[in-house]
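User: I am new to this structure and would like to understand the terms used for it. Could you take me through them?

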Amino acid sequence: MGFYKLIHWVSLVLAGATLAILLVVVVRQAFRNRRVRRDAARRQSLMALALEYIEEPEFIPAFKAQLKPPDQRLLLQLFAELLPKVRGDYAEKIVQLMRAMGLNERCLTQLRSPKWWKRADAAAVLGWFQEPRVIQALETALDDPQVGVRIEAARALARLKAVQSVAGLVARLAVVDASHSLAVREIFRSLGPSAVGELMSVLESDVPDQVKLLATDALGHIGDPRAVPALLKLFHSPRNQTGDAIHEHKARRGRSYSDRSQPTNSSVALRLAVMQALSVLVDPRALDAILTALEDPVWEVRAQAAQCASQLGSPAALPRLETLLHDEHWWVRFHAAEALFKLGEAGVNTLLKVARGTSATGADIAAGLLREKGLVP
Amino acid sequence: MTLLWTIVRFINGCVLALLMVQSVIYLWQLIVAFLELRQHRRLASRTDTWWMLTSGVALPISILVPAHNEEETIVENVRSMLALHYPDFEVIVINDGSRDRTLQVLIEALNLQKLERVWHPEVPHKEIRGLYGSPRHPRLLVVDKVNGGKSDALNAGINLSRFPLFCAVDADSLLDHDSLLQVMRPFIEEPEEMIAVGGRICIVNGCTVRAGQVTEVALPARPLALLQSIEYIRAFLIARLAWSRLGAMLIISGAFGLFKRAAAIKVGGYSHDTVGEDMEIVVKLHRHFRDRGEKYQMRFVADSVCWTQAPETLGILRRQRSRWQRGMMQSLAKHREMIFNRKYGAVGTLGMGYFFLFDIIGPIIELAGLVLVPLAYWMGEVTLHFFLAWLALSFTYGVFLSASSLLLEMMVTRTTRAKDLALLAMSSVLENFGYRQINSLWRLEGIWQFLTGKQGWGAMQRTKFTKPNGQ
């Protein structure tokens, strides 16, 4: 009997809780909607006012006088959304206005908030203030226990071109769980040419391969030709070559065909990353490495090398690309055919020759690509 | 007669036990979902869509839109897809042997011409009759193929796609402008391990749609669609979120899911032998990666929204629900070794175990209880206390859960009108008296269809999206 009574009582409590929840939901939403509407209207008028005063900075004190206490929060949100979308002089004027309004001070205070998302928001906005104490505060934020705050601080420092040491950034960002995050990769990419020297040292240092991958990717995207020798050295380094690659190849051969789509070890990923970087750098010094990569035992590297060869546009790659039209892996054949097409007349002639040839594998891809490009009916 | 009443009493005991276990599990799911949403909300609110659009971190996506007899909505849907905010994507519409003018309306409206594209048959599907594109819409590819069902059409789309990720979207659904960016977020955080991400499905009936975008959110006017609204909120904001947090999510809705192409190919793409292709591919992915001991992740993103049309007549809703049940049973039967198998971790023990107990056994017991408990009480075979306990567990917990899901809805959707919330609150109570029981009956029908080997989807009715007055 007691058991059933318990169920009855629990049910009664739940029924009461349900009524309370429904009431709270409706009433709270009514108040919230009113606040949202009020904020939206105020944001709109603040936006109009701010745009007006940006053009005439001498009237900023008058603008400040019109503001109410909650307006600072709204203005901070407004400018945080606006700043990434504007460039040059206009961005500078907004930053000046924010400085005059004391919003940078507000962000510096917010950077010490107990709530991590508030600290991260503040770090993001501070990335527009080229001031020594802001940079110092962001440097401190790089040691924040929350990775989200560290990432925002690093991004802000990269934007300000104020990253003091790539090794420091690596230590705080890359050697943690977030090292594979594309957000971290983007920060390293945005470091700019001044970081090339340090990034090259990362390739030669004793750091995990995941960090070398980040540096390789960044060097490719920064696009500084000084990085080419270091990348080639990494590509030709003994542990990224033959023995390891053959071991990798054998390991993959042992697996079923469909299973061979992902590299199984990091040295393959490094070779792949080097080829991707060289595709962006497009440097003739990379030709030998590309030709070697076209014969790599791992299909992803061959496919990437074919793309790289098409970017470089060297006719020296033509014979090996022709061989790749008969590759066992379709994506390699496809990228080889595309590369040949991009190489111009000589490449197209090769495609036409293979399309008329006796090898069905090569003829299929060559004829297919020529049809796709509208070169044959 | 005594033996009969003993059996009835035993069944009644089972009914009460199952209801109690179910209530405890629902409550636990609610707590887990709340914790997940609280954490997720912080990350979502910090998502800088501008940064994602401009920084180059968003991976290219092939959007696959299988279409079968969709002439009413297909053009608006394709235009909406082409206008999505995303840096690099292609839209592949697969006309799966439509008997209506789906292909013709696309050709006429978008000025399509025949073209060639080289592709490799990595997953099986029926013959492709032709490919179409337009210089005015370089992101668009239309595939015309022999009818083979939704899985078959998606497989054709996978083969023709050239990007590392593909997003399966139903032809009668609309994506919010930023939905792709939102659903991409887990892939940015975990590009290596993430293999699939599901978005949230909301009901478009009643909303105002302009140029393929939902411009004004409103609740459906018809009661049946309104009841489905609260059902969708509960399903996505409690169950899907909780399973996602526990790493045991077994369904990514077929209307909106983002997958790593290489992973889908590893499991042979979509299966042709189930009608629940969305659940089947997710279960196959779990099984593949767990069998090989490879690390992987799947996630649900609550604020990435896809709008879909809900059935507004009982007949169509019945067909949909019995098909869902049949599809789920086909998947569970195919992968029965996984059920309660510790080798498959939370997926086998929690996810599949839950589906087996509460989605297969559950409806049978619930309906048995609806007939037998009142009968037994009327005949004096069970006490008033037992009867009241059954009533309480059957209805109070259901209402409590639906009401609680509205709290979660408030955490995700911050601008719902108070009037709409009041209407949803009312529906959350009403759905427990009739609608839920009819649903269980349709599930029972689905179980019967599975046992008798019924195949096929049954016809679905499509209507044009609602436009504001005077448009």
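Predicted model: local features only at pLDDT ≥ 70, side-chain atom pairs only at ≥ 80, totals over all residues.

User: Why is the pair Arg371(A) and Glu116(B) called a salt bridge?

Analyst: The closest N and O atoms of Arg371(A) and Glu116(B) are 3.7 Å apart. The rule asks for a side-chain nitrogen of Lys or Arg within 4 Å of a carboxyl oxygen of Asp or Glu, so this pair qualifies. Across the interface of chain B and chain A, the rule finds two salt bridges.

User: Which helix of chain B gives the most to the side that touches chain A?

Analyst: That is helix 12 of chain B, with 15 residues. By class, the side of chain B that touches chain A has 30 nonpolar, twelve polar and 14 charged residues.

User: How many residues are in contact between chain B and chain A, and what area do the two chains bury?

Analyst: In chain B, 56 residues are in contact with 50 residues of chain A. Between them the chains bury about 4,700 Å², with 67% of it on carbon and sulfur atoms. The interface also has eight residue pairs in polar contact, both residues being at pLDDT 80 or more.

Notes. Residues numbered from 1 in each chain as written. Chains lettered and ligands numbered in written order. Heavy atoms only, no water. Contact = heavy atoms within 4.5 Å. Buried area = accessible area lost by both parts, 1.4 Å probe. Polar contact = N/O pair within 3.5 Å; in protein donor to acceptor, adjacent residues only side chain to side chain. Helix = DSSP H or I, 4+ residues; strand = E, 2+ residues; numbered from the N terminus. Nonpolar A, V, L, I, M, F, W, Y, C, P; charged D, E, K, R; others polar.
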